[in-house]
Amino acid sequence: MARIADDTDFEMLKCLVDDNEGWTLELSKATTEVWTRPVAGCNFHMVKINTLFDDITSDTLFDVLHDPDYRRVWDTHMLASEEIGIVNVNNDVGYYAMSCPPPLKPRDFLLMRSWLDTGPHGEQMLISRSVTHRDWPPRKGYVRATSHITGFVLRTRKNNCILSYVTHCDPQGALPPWLVNKVTHTLGPRMIKDLKKAALGYIDWKNSQAHFRKPWRFPEEIAIPRISLSEWYGIDDKPSEEENASSENNFINNPSNKSSNKKKRRLPFLKEN
């Protein structure tokens, strides 16, 4: 049975974004760092990004990450999404489908999402992990991908926000690991750029809407059905009959893997108190 995230999971998320031991710095530009780390028993790297958003508060960014209506406006990769149900006021389950660069097939995810807001001077965190359910098999034309963890940690610094993002995903299908790692390193920074642009426009957009709903902040506004976890499974105990079929096999020649000797460091803005 799937489980909701607890305090231990959120502490683990903070350790992942704050501790650079074992990580390789792939990109350091202005106020953004991109790091990667191999994962034992898996060919796909974990990726994390630390960046500073000027003139954007963590409250605004927290709302942007939650708001399903606004996601349809700013997320150009999203093909479909659905709010399936809520477990409690801090945990829900949803469906998300996204486009991929040709000739790759689009991917879809079935995700359990957990969030925690520790207050005005604290941190705001979100964690998503893949789950399975017999009534939600992979849809035709999509490859069901797996998110082992995708997380955000938001910290306010005056009128700015420090965003830390970490993800470890398996796109499934017949993709060579070198290609997946290359695409992941590219899509992460692009997503952060799109997210910043979306956050800058969020307040004006929200104020223009007929319904100013924020059920992630005001539980009385929750309109989706309540669900039980008894029929939902985590990715480690998913039913064996769920399989992915893919014809993506037209990639050849694994490029040479060059080791990185870049110095591990933290940008100055990440050390502020």
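Gly151 is placed in strand S9, where helices (H or I, at least four residues) and strands (E, at least two) are DSSP runs numbered from the N terminus. The model is a predicted one, in which local features need pLDDT of at least 70 and side-chain atom pairs count only at pLDDT 80 or more, while totals for chains, interfaces and linings use all residues. Residues are numbered from 1 along each chain as its sequence is written, and side-chain values use heavy atoms, with hydrogens and water left out.

With a relative accessible area of 0%, Gly151 is buried; buried means under 20% relative accessible area, exposed over 50%, and partly exposed in between (1.4 Å probe, protein chains only). Leaving aside neighbours within four places in sequence, Gly151 is in contact (heavy atoms within 4.5 Å) with Leu13, Leu126, Ile127, Ser164, Tyr165 and Val166. Gly151 and Trp115 are 36 residues apart along the chain, and their C-alpha atoms are separated by 9.5 Å.

Next comes the overall picture. The protein has four helices and eleven strands, and buried residues make up 45% of its 273 residues. The accessible surface comes to about 14,600 Å², of which 52% belongs to carbon and sulfur atoms; these areas come from the Shrake-Rupley method with a 1.4 Å probe, and for residues only the protein chains shown count as cover. Among contacts between residues at least 6 apart in sequence, 66% join residues at least 24 apart. The average pLDDT, which is the predictor's confidence in each residue from 0 to 100, is 84, and 81% of the residues score at least 70. Over residues 239-265, however, the pLDDT is below 50, although this stretch has 49 contacts in the model beyond near neighbours in sequence. Where pLDDT is low, the predicted coordinates should not be read in detail.

A pair of aromatic rings is described by the distance of the centres and the angle of the planes. Here, rings of Phe, Tyr and Trp (its six-membered ring) pair if their centres lie within 6.5 Å, and planes under 30 degrees apart count as stacked, over 60 as edge-to-face and the rest as tilted. By this rule there are five aromatic pairs. One of them, formed by Phe152 and Tyr165, is tilted, at 5.0 Å centre to centre with 45° between the planes. Phe152 lies in strand S9 (residues 146-157) and Tyr165 in strand S10 (residues 160-170), so this pair ties together parts that are 13 residues apart in sequence. Both Phe152 and Tyr165 are buried. Elsewhere, ring pairs link Tyr70, Tyr202 and Trp205 into a cluster.

Charges over rings were also examined, with the requirement that NZ of Lys or CZ of Arg be within 6 Å of the ring centre and within 35 degrees of the ring normal. The charged end of Lys48 sits over the ring of Trp23, 4.5 Å from its centre. Lys206 likewise lies over the face of Phe212, at 5.8 Å from the ring centre.

Lys214 counts as buried because its relative accessibility is 12%. Its contacts, not counting residues up to four places away in sequence, are Asp63, Tyr202, Lys206 and Glu221. Arg213 is found in the loop between H4 and S11 as well, and at 24% relative accessibility it counts as partly exposed. With residues up to four places away again not counted, Arg213 touches Pro68, Asp69, Glu83, Lys206 and Glu221. The side chains of Arg213 and Asp69 are joined by a polar contact of 3.2 Å, a polar contact being a pair of N or O atoms within 3.5 Å; within protein, one must be able to donate a hydrogen and the other to accept it, and residues adjacent in sequence count only if both atoms are side-chain atoms. Arg213 and Asp69 are 144 residues apart in sequence, with a C-alpha to C-alpha separation of 9.6 Å.

Thr51 provides another side-chain pairing. This residue lies in strand S3 (residues 42-53) and, at 3% relative accessibility, counts as buried. The Thr51 side chain makes a polar contact of 2.8 Å with the side chain of Thr32.

Backbone angles complete the description. Most residues other than glycine have a negative phi, and most peptide bonds are trans. Asp55, in the loop between S3 and helix H2 (58-66), has a positive phi near 60°, and its 65% relative accessibility makes it exposed. Lys158, in the loop between S9 and S10, also has a positive phi, of about 60°, and counts as exposed at 79% relative accessibility.
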